[in-house]
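Please examine the structure first, and then read the points below alongside it.

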Amino acid sequence: MGKMALFDFVMDFGNSSREQVVPMTVFVAILCLCLVIGHLLEENRWVNESITAIIIGCISGTIILFISKGKSSHILRFNEEVFFIYLLPPIIFNAGFQVKKKQFFHNFLTIMSFGVIGVFISSSIITAGSWWLFPKLNFDGLSVRDYLGIGAIFSSTDTVCTLQVLHQDETPLLYSLVFGEGVVNDATSVVLFNAVQKLDVDRFNGWSAVHIFLDFLYLFSTSTALGVAAGLLTSYILKGLYFGRHSSVREISLMLLMAYLSYMLAELFSLSGILTVFFSGILMSHYAWHNVTDSSRITTRHAFEAMSFIAETFIFLYVGMDALDIEKWKMSKQSVWTSMGIYGTVLMLIAVGRAAFVFPLSALSNFMNRNATRAPSISFEHQIVIWWAGLMRGAVSIALAFKQFTYSGVAVDPVHAVMVTTTIIVVLFSTLVFGFLTKPLINYLLPHHDHTRRSIDREPTISKDRLPLLSFEESATTNLLRAKDSLSMLFERPVYTIHSYWRRFDDTYMRPIFGGARRNESSGSG
């Protein structure tokens, strides 16, 4: 099956199908153990699911390493293509499907600035910093494309630990920003990484950055458009054909397959499958979910969330095992102090790159929303939590590192082996150490959630009369006055003005065609 094989077995188990099933059976058994232990530690102040999976992975890897007499810590060998084709789609689709759309779109501009502009700032700092500092640590041999790839790899965040501590109902603004930025950040990092891979490094100059940016804009816009189209098409089919009158299984299957089809089409056309399936999930949740039967609504929520949960646990479990991969450590020829310097440098650049955009962009967001009727400002405590949440690295960083520095999961060059082990160490350290400290940090910074909730949940009071849509039944002068009033409102309250116009457009034109909840129902569901 070549590179498309699900996993390559580390040990030679021969041609017997029974023997080939053994490694996967053991891995699934460990995965089940992970879920049980995670449940038992649910109320623990320090441990969450991702930390539990990594620790169990490390313990399992140690046992396997002992049984194999130091040959390997793996049951399975990771193939980065598998991650992008089989494991990542359910995670990202569920993120879009479960997102609280009201909060997400109220804070859309802030989320996009964090997730897009922030990635470019962070990636630039990490690339420039590693380019300057790695040679000072006597670590050479990386190409221009490698340095640019490192910037994209370590700009991808993993906010799972923080999201497991935050509560949507208690801190809706903070949860929305951390959640939204996490998804958009992953998508942007992958798109930027793919754009870097297309770069002609032999002719790298000032225009190369422009080409990367233009290529990024093309990938971002076309991938989003494909996801929106897939979501709308699914909604239209479900509304028009009403599958539920015969079988709820068909309508659930259609939603699942259409989401996966959109992801695969994006990959086929060299677009960003993450962005496509994310927006497909948002559109299906907004329209298609309301066109299915009540039993299908309950089933889809839980089924998509379960698939995402299993995929995430699977990945973190493997990361724990991979940390003890003797082959990579033997191939790395760097001294202990040089290796420690590289790890510390990367962690420092991540923290600096993160701070370089979180605090300035938060100040910009507060300035843009200064005239809003509710209290939308991102407090300094919130900014620290957002900065902290983005310090952790996870599955996307691992997958991109494998894609950049390995061939079918095996590093063939000592320098590349160092970068793979560096990525694994950064993921382990940031998830375990920063993850352990997340709960006490948030409890210290945000001891009073009730005040935050009251200040966030207030809706902007903007009269429909002050937000008119242009009418063909009125004179040009009246429409010009309406447009002038709309522009003044747009500059005064840009986020809420755009959101209010969208709600009116959605109720008037979109919902009658594609289905979905009415205004009073959607406002309650968020």
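Arginine 354 is buried, as its relative accessible area is 2% and a residue counts as buried under 20%.

- Arginine 354 pairs with glutamate 181 in a salt bridge, in which the closest N and O atoms are 2.6 Å apart.
- Because glutamate 181 belongs to helix H8 and arginine 354 to helix H14 (residues 336–368), the pair ties together parts that are 173 residues apart in sequence.
- Glutamate 181 is also buried, with a relative accessible area of 1%.
- In general, side chains of opposite charge can pair when their charged atoms come close.

**Salt-bridge network**

- The count of salt bridges comes to three.
- Asp506, Asp507 and Arg511 are linked in a network of salt bridges.
- Arginine 511 forms a salt bridge with aspartate 506, with the closest N and O atoms 3.0 Å apart.
- Arginine 511 also forms a salt bridge with aspartate 507, and here the closest N and O atoms are 2.9 Å apart.
- Aspartate 507 and arginine 511 are four residues apart in helix H20 (residues 494–514), so about one helical turn separates them.
- Arginine 511 is buried at a relative accessible area of 2%, and aspartate 506 counts as buried at 0%.

**Nonpolar core**

- The largest nonpolar core has 124 residues, and those with the most contacts inside it are Phe83, Phe134, Leu142, Ile150 and Phe154.
- Helix H8 (residues 172–197) contributes the largest share of this core, namely 15 residues.
- Leaving aside residues up to four places away in sequence, phenylalanine 154 touches Ile126, Val346, Ile350, Arg393, Met419, Thr422, Thr423 and Val426.

- Serine 430 is located in helix H17 (residues 414–445).
- The relative accessible area of serine 430 is 0%, and the residue is buried.
- A polar atom of the serine 430 side chain lies 2.7 Å from the backbone oxygen of valine 426.
- Apart from residues up to four places away in sequence, serine 430 touches Leu391, Met392, Arg393 and Gly435.

**Helix H2**

- Helix H2 (residues 49–67) has 19 residues.
- From its first C-alpha to its last, helix H2 reaches 27 Å, close to the 27 Å expected at 1.5 Å a residue.
- Buried residues in H2 include Glu49, Ser50, Ile51, Gly57, Ser60 and Leu65.
- Lysine 69 follows H2 and has a positive phi, near 60°.

**Confidence of the prediction**

- The protein chain has an average pLDDT of 79, and 79% of the residues score at least 70.
- Over residues 1–16 the pLDDT stays under 50, and the model has 36 contacts beyond four places in sequence for them.
- Over residues 450–468 the pLDDT likewise stays under 50, and the model has 41 contacts beyond four places in sequence for them.
- Where pLDDT is low, the predicted coordinates should not be read in detail.

Technical notes. Residues are numbered from 1 along each chain as its sequence is written. This is a predicted model: local features need pLDDT of at least 70, side-chain atom pairs count only at pLDDT 80 or more; totals for chains, interfaces and linings use all residues. Side-chain values use heavy atoms; hydrogens and water are left out. A nonpolar core is a set of buried Ala, Val, Leu, Ile, Met, Phe, Trp, Tyr and Cys residues joined through side-chain atoms within 4.5 Å. Buried means under 20% relative accessible area, exposed over 50%, partly exposed in between (1.4 Å probe, protein chains only). Helices (H or I, at least four residues) and strands (E, at least two) are DSSP runs, numbered from the N terminus. Contact means heavy atoms within 4.5 Å. pLDDT is the predictor's confidence in each residue, from 0 to 100. The expected span of a helix is 1.5 Å times one less than its number of residues. A salt bridge is a side-chain nitrogen of Lys or Arg within 4 Å of a carboxyl oxygen of Asp or Glu. A polar contact is a pair of N or O atoms within 3.5 Å; within protein, one must be able to donate a hydrogen and the other to accept it, and residues adjacent in sequence count only if both atoms are side-chain atoms.
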